[in-house]
Amino acid sequence: MVLLIRDIPKDGQNFEWNENKTHVKGFIYPIQGGFDLSGHISSKVPMDCSFCTNLIDIPVEENFHEIIFLGAPKTGTTKEEEEVQKDDLEVFYVDGPELHLLPIIQQVIDVSLPIQPKCVQKGAPKGYPECIADWDYEKFSHNGEEKLHNNPFEV
């Protein structure tokens, strides 16, 4: 989604965007030196279950609030300033006539996704997938053999 900076009114502007399984509704408001951006993201992101590799849709419901600065970050190496690279900052900059919202939305979604996605456990509500990796671990682990070491990292 792209917003033209010159078209954003002084009172702010509502926006809405739908693409694939992602719905974004928000408000952008001009502030001194940039924009205040807030809203809500509702999405379903396809990921593989890290236990059984089933493809599952991970629901994402996130509110966001970002500040976007006009221009590029300052870089310099004076005694008071440290050199800053654009990728080192957790803020967004816009340098040009258009504001691209997709990287901002993508970052909010990426941060909210689980590190190890898993199918819903057994006994979940109707319609949710059950993970085929939900087995009885004790039944399949060494069949009651005596452990050689208490610490798995012991040699």
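From the N terminus on, the elements of the protein chain run β-β-β-β-β-β-β-α-α. That gives 2 helices and 7 strands. Helices (H or I, at least four residues) and strands (E, at least two) are DSSP runs, numbered from the N terminus. This is a predicted model: local features need pLDDT of at least 70, side-chain atom pairs count only at pLDDT 80 or more, and totals for chains, interfaces and linings use all residues. Residues are numbered from 1 along each chain as its sequence is written, and side-chain values use heavy atoms, with hydrogens and water left out.

Two strands count as paired if DSSP finds at least two bridges between them. Strands of a sheet pair through backbone hydrogen bonds, either parallel or antiparallel. β5 and β6 run parallel, joined by 3 bridges. Ile68 stands opposite Phe92 in β6.

Which residues of α1 are buried? They are Ile104, Ile105, Val108 and Ile109, in a helix that spans residues 102-112. Down the axis of α1, these buried residues fall within an arc of 130°, so they line one face of the helix. The arc is that of the directions from the helix axis to the C-beta atoms. An α-helix has 3.6 residues a turn, so residues three or four places apart point the same way. Buried means under 20% relative accessible area, exposed over 50%, and partly exposed in between (1.4 Å probe, protein chains only). The buried residues of α1 pack against β2 (13-19), β3 (22-31), β4 (34-48), β5 (55-70), β6 (92-94) and β7 (98-100). Contact means heavy atoms within 4.5 Å.

Gln106 also lies in α1. Gln106 is partly exposed, at 37% relative accessible area. Its C-alpha atom is 10.0 Å from that of Ile41, 65 residues apart along the chain.

Now take Glu66, in strand β5. Is Glu66 buried or exposed? It counts as buried, at 18% relative accessibility. Leaving aside neighbours within four places in sequence, Glu66 is in contact with Phe35, Asp36, Leu37, Phe92, Ile104 and Val108.

Pro97 sits in the loop between β6 and β7. It counts as exposed, at 54% relative accessibility. Beyond its neighbours within four places in sequence, Pro97 is in contact with Leu3, Leu4 and Ile5. The C-alpha atoms of Pro97 and Leu3 are separated by 8.7 Å, though the two residues are 94 apart along the chain.

The whole structure holds 1 aromatic pair. Phe27 and Tyr29 form it, stacked, at 6.4 Å centre to centre and 20° between the planes. Rings of Phe, Tyr and Trp (its six-membered ring) pair if their centres lie within 6.5 Å; planes under 30 degrees apart count as stacked, over 60 as edge-to-face and the rest as tilted. Phe27 is partly exposed at 29%, and Tyr29 is partly exposed at 38%.
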